[in-house]
Structures are given as C-alpha cells and as structure tokens.
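Visitor: Could you take me on a close look at one part of this model? I would like to hear about the salt bridges.

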Amino acid sequence: MTGLKLFSLEAGAEFAQRVSAALGVPLSAHEERDFVDGEHKIRPLEEVEGDDVYVVQSLYGDASIGLNDKLIRLLFFIGALKDAGAARVTAVIPYLCYGRKDRRTKLHDPLSSRYLASLFESLGTDAVVTLDAHNQSAFENAFRCRTLHLPAQRLFVDFAVQQLQGDRHPLVVASPDVGGVKRAEAMRQALRERLGREIGRAFVEKYRSADQLSGGTLIGDVDDACVLIVDDLIAGGGTITRAVAAIQGGGAARIWALASHGQFCGNALAGLGQLPLEAIAVTNSLPQAVAPSLQVVDCAPLIAEAIHKLHHGGPATQLGFD
C-alpha cells in the first residue's frame, strides 16, 4: 500500500476534522452531488489506487439527513473507493447503527446487525472500526471482515479520576440494567487499579417489552456513595431515569451518568437535566448540543490512534484491552 488516505462524508466532517488533526493526516477531497429526484453520487477527488483508505462516519439520523440515507451514501462511497483501486478500505464508524437487534427475542425477529454487516461486506469493506458497540460479541460475530472494537472505558476512567479528585465518599460503579453489568465491571476494575482502592458495584433491575420499561430494584450498596452509572447509549433517557431513582432511593450522596453515545432523542436531554445528576458525560461520537448538565469527552484521539496502528501494522487490537 502506497499511503494513508482519510475521508469523511459531509455529514461527518466536523468530527473527522478532529480525527484528522489528532492523526496529522489531512482529509482527502471528495464530491457529493445530489440529483433532483433524491438520488446522489459520491466519488473521491484524489487518487486512491493502491492506498490504505479510512472513511470516518458515524451512522445516525438527524434533522438534515436520515440514517438510512447516510448509510447508503457511505456504502456507495466505499464501493467507489474500491472501484478506484484502493488497496484497503476501512469504515471507521464511531457510532454504529442497528446494534439493538442482534438476537431474536420474539418470533420472526430480524437480525439487523447481521444484515448490516452483509451490506458492508458486499461492497468489499476490508475492516470496520467502532466505539462501544451495543453488544461487542454480536458486533464481532456479525462481520466476516476484520473488526476493531474500541471501548470508551479508558476515556471515562481519565474523566472520572479528574472529576472526583479529593472526593472522600465511597465510590460505586453501577449498571442501569443487567445487560450492562460486564461493561460496568470492566470500568470498576480499571478505576480500582487506577485509584488503588476498593470500589463497589451495583446494578438496577430492568425489563423492556415493546418499549415499555419495568423493574427498578437496586442490587448493591450505594449508601452515602459517589455512584457512576455506566452505559453504552442514552437515547430516550428512560433507563437512566429509572436507575437514578433507584440509586437515589438507596441513599447515594452523588450520582453521575457516563455513556459512550448520547443520542438524546426528543426532549431526553432536558428531562435528564431535571434529575439529581451532578453531570452527564458522553463522547462526541455523535454531535452534542450545549447543555449545563452535559460534559463531552473527546474520542477523536482514540479513533486516530486506532487508524495509526491499523495503517502501520501496530498492535491495534490491544486498544480494546488497555
């Protein structure tokens, strides 16, 4: 491969510029042209033959462009890069869509994450990189091409250590549901190693059926503790709201919410701002509005480090275990 090329679609250019600055590689030029009937074309404006190409693009919908439109543009652009002779094309997708349906829980349920993987593979995608997939095992098993899963854990460990300096309350890491216990436990162990003291664990019982939440029993001791609620995604805010209520009822002195991805659908952020949370911290894998209760942790340097190691043949997989 002759060199590294970095691209982004227009919808992801702001975040990609941060990755570009951290990586020290400029964004390559491309053209996106929309036709009057809603079709479009996307092509690289720089030579990519023989190159190692990375396309940075989170997949989410917003008021300007829908999720599925963004997805098809990314797929078509990957196809155009392969047709132009790129030696390797890696899709760098900090927030990967369709991760919720990774297994069948009801009769005839779709396996959307597997179907998504098939789309990327059909266009010749050589590798897919993402940050904190909804289910790491399902993400890795859905794809037949190379995958790299980057936990946001070390970013939040750095954030928590900085924010909690001097705090003398017992520290507890909590999962807002049973499904996130392993994620919370990994965070707890990393914080224990970093801080050199024992850290408690807790989780909140939760059941979901047809978007209706139930449960709310707290398992674990949070009395007079500083509690970090750790999750992968905040969308409507219902899960965090129930967890905060249970943890506050358990006597917690301070409560923080840490989530890798902040969708904040509808009025979720405003609603969460009314909870007894000292702050909500998310990465910038998705664009974030300015809000008093929201703190944004930059994940662009981690993404840039992954690209650097993939290109130069370094031990990129260790990024998932640091």
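Visitor: How many salt bridges does the structure hold?

Guide: Happy to show you around! The structure holds 18 salt bridges, each being a side-chain nitrogen of Lys or Arg within 4 Å of a carboxyl oxygen of Asp or Glu. Please keep in mind that this is a predicted model, where local features need pLDDT of at least 70, side-chain atom pairs count only at pLDDT 80 or more, and totals for chains, interfaces and linings use all residues. Residues are numbered from 1 along each chain as its sequence is written, and side-chain values use heavy atoms, leaving out hydrogens and water.

Let's start with Arg43 and Glu31, whose side chains meet at 2.5 Å, N to O. Arg43 lies in strand β3 (residues 40–44) and Glu31 in strand β2 (residues 30–34), so this pair ties together parts 12 residues apart in sequence; helices (H or I, at least four residues) and strands (E, at least two) are DSSP runs, numbered from the N terminus. Arg43 is partly exposed, with a relative accessible area of 39%; buried means under 20%, exposed over 50%, and partly exposed in between (1.4 Å probe, protein chains only).

Next, Arg154 forms a salt bridge with Glu305, their closest N and O atoms being 2.4 Å apart. Arg154 belongs to helix α5 (residues 153–163) and Glu305 to helix α9 (residues 300–312), so parts 151 residues apart in sequence are tied together. Arg154 is partly exposed, at 25% relative accessible area, and Glu305 is partly exposed, at 25%.

Finally, Asp167 forms a salt bridge with Arg254. Asp167 is buried, at 13% relative accessible area, and Arg254 counts as buried at 17%.
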